Amino acid sequence: MLIFAIFRKELQGYFASPLAYVVAGIFWLLSGSVFVFLLLGPRGVIQEVATGEQLGLPIPAVDVAYIFLVRFLSTIGSISSFILPILSMGLYAEERKGRTLELLATSPISNWAIAIGKLLGVVTFYFTLLIPVLICEAIAFSAADPAFPLVVPLLAHLGLVLLATSILSLGMFISSLTASSLISAISTFALVLFLALMDVIADALPQPLGAIFAHLSLVKHYDTMLQGVLDLGSLTLFASYIILGIFLTAQSIETLRFQRS
């Protein structure tokens, strides 16, 4: 019940925040533009196939729906990586700035309950941003012939939600360290960029260190789920990042509680 109370308070805060609506508007504008461009644009999937047919080129069987899904959600993942630090920046920074973090730290509510409730709130708000996107995808995929198997988009969107939850969890920890929302957003984005470039860093490192860094890449495991592959290693990595963010946040607040006592 305590987690639900924190979750409800956090979610209501997002729906009452002008900044959240600005972020939502930007996300919908960008995702809608990408959707139209990748599907119907001059370089979209449909136009690529139509051009090949008009030129009489020998084209192998093309799964237009699958190609579009991978390209679209790959771009949505990149867009989300930019906006998620903005959503997470105020999770604790505003509490610290408003001197209410001390009240949370000294309350009988456990640090884990607070962190989980806050994370669930921001993840739920992000999921509401995806609803119009899901509707557009459902309309597009309903025209696919043969019918597009449901399991592929389900796994791909699960990967997107897990990617977002991982970033938000780590961003929540960074937000608990500073009273500046701007510093929190910039630091979270820098961390996300570092994690996204793990593959590039891994190529420059000797083995087995390179293999370890490559395994830690968020992009690599997100791409795996975009392919419709349910990989236990990818699920474990995402879960590890999420739990790590919650754990570090709880420890950060526990430090403040210790200082106050």
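This is a predicted model: local features need pLDDT of at least 70, side-chain atom pairs count only at pLDDT 80 or more; totals for chains, interfaces and linings use all residues.
Colleague: What makes up the secondary structure of the chain?

Modeller: The chain has 13 helices and zero strands. Helices are DSSP runs of H or I with at least four residues, strands are runs of E with at least two, and the numbering starts from the N terminus. Read along the sequence, the pattern is α-α-α-α-α-α-α-α-α-α-α-α-α.

Colleague: Why is Phe 7 called buried?

Modeller: Buried means under 20% relative accessible area, exposed means over 50%, and partly exposed lies in between, with a 1.4 Å probe and protein chains only. Phe 7 has a relative accessibility of 18%, and therefore counts as buried. Of the 261 residues of the chain, 44% count as buried.

Colleague: Why is Phe 4 described by another term, partly exposed?

Modeller: The relative accessible area of Phe 4 is 44%, so Phe 4 is partly exposed. Phe 4 and Phe 7 both lie in helix H1 (residues 2-15), three residues apart, about one turn of the helix.

Colleague: What makes the aromatic pair of Phe 4 and Phe 7 tilted?

Modeller: A pair of aromatic rings is described by the distance of the centres and the angle of the planes. Rings of Phe, Tyr and Trp (its six-membered ring) pair if their centres lie within 6.5 Å; planes under 30 degrees apart count as stacked, over 60 as edge-to-face and the rest as tilted. For Phe 4 and Phe 7 the values are 6.0 Å centre to centre and 40° between the planes, and the pair is tilted. The structure holds 10 aromatic pairs.

Colleague: Why is the pair of Phe 35 and Phe 68 called edge-to-face?

Modeller: Their ring centres are 5.2 Å apart and their planes stand at 85°, so the pair is edge-to-face. This pair links distant parts of the chain, with Phe 35 in helix H2 (residues 18-40) and Phe 68 in helix H4 (residues 64-88), 33 residues apart. Both Phe 35 and Phe 68 are buried. Together with Phe 72 and Phe 141, Phe 35 and Phe 68 form one aromatic cluster.

Colleague: How do you know that Lys 118 lies over the face of Tyr 92?

Modeller: A charge sits over a ring if NZ of Lys or CZ of Arg is within 6 Å of the ring centre and within 35 degrees of the ring normal. Lys 118 lies over the face of Tyr 92 at 5.1 Å from the ring centre.

Colleague: Which residues are in contact with Ile 6, leaving aside its neighbours within four places in sequence?

Modeller: Contact means heavy atoms within 4.5 Å. On that basis Ile 6 is in contact with Ile 109, Ile 114, Gly 117 and Lys 118. Ile 6 and Gly 117 are 111 residues apart in sequence, yet 4.9 Å apart in space, C-alpha to C-alpha. Ile 6 is found in helix H1, and because its relative accessibility is 12%, Ile 6 counts as buried.

Colleague: How is the packing of helix H7 and helix H8 described?

Modeller: The axes of H7 (residues 111-142) and H8 (residues 151-175) come within 10 Å and cross at roughly 145°. Axes are lines fitted to C-alpha atoms, for helices over the stretch in contact, and angles run from 0 to 180 degrees between N-to-C directions. The contact includes Leu 119 and Tyr 126 of H7 and Leu 160 and Thr 165 of H8.

Colleague: Why is Ser 252 called buried?

Modeller: Ser 252 has a relative accessible area of 13%, and so is buried. Ser 252 has its place in helix H13 (residues 232-260). Not counting residues up to four places away in sequence, Ser 252 touches Phe 173, Ser 176 and Leu 177.

Colleague: What makes His 215 partly exposed?

Modeller: His 215 counts as partly exposed because its relative accessibility is 36%. His 215 is found in helix H11 (residues 209-215).

Conventions:
Residues are numbered from 1 along each chain as its sequence is written. Side-chain values use heavy atoms; hydrogens and water are left out.
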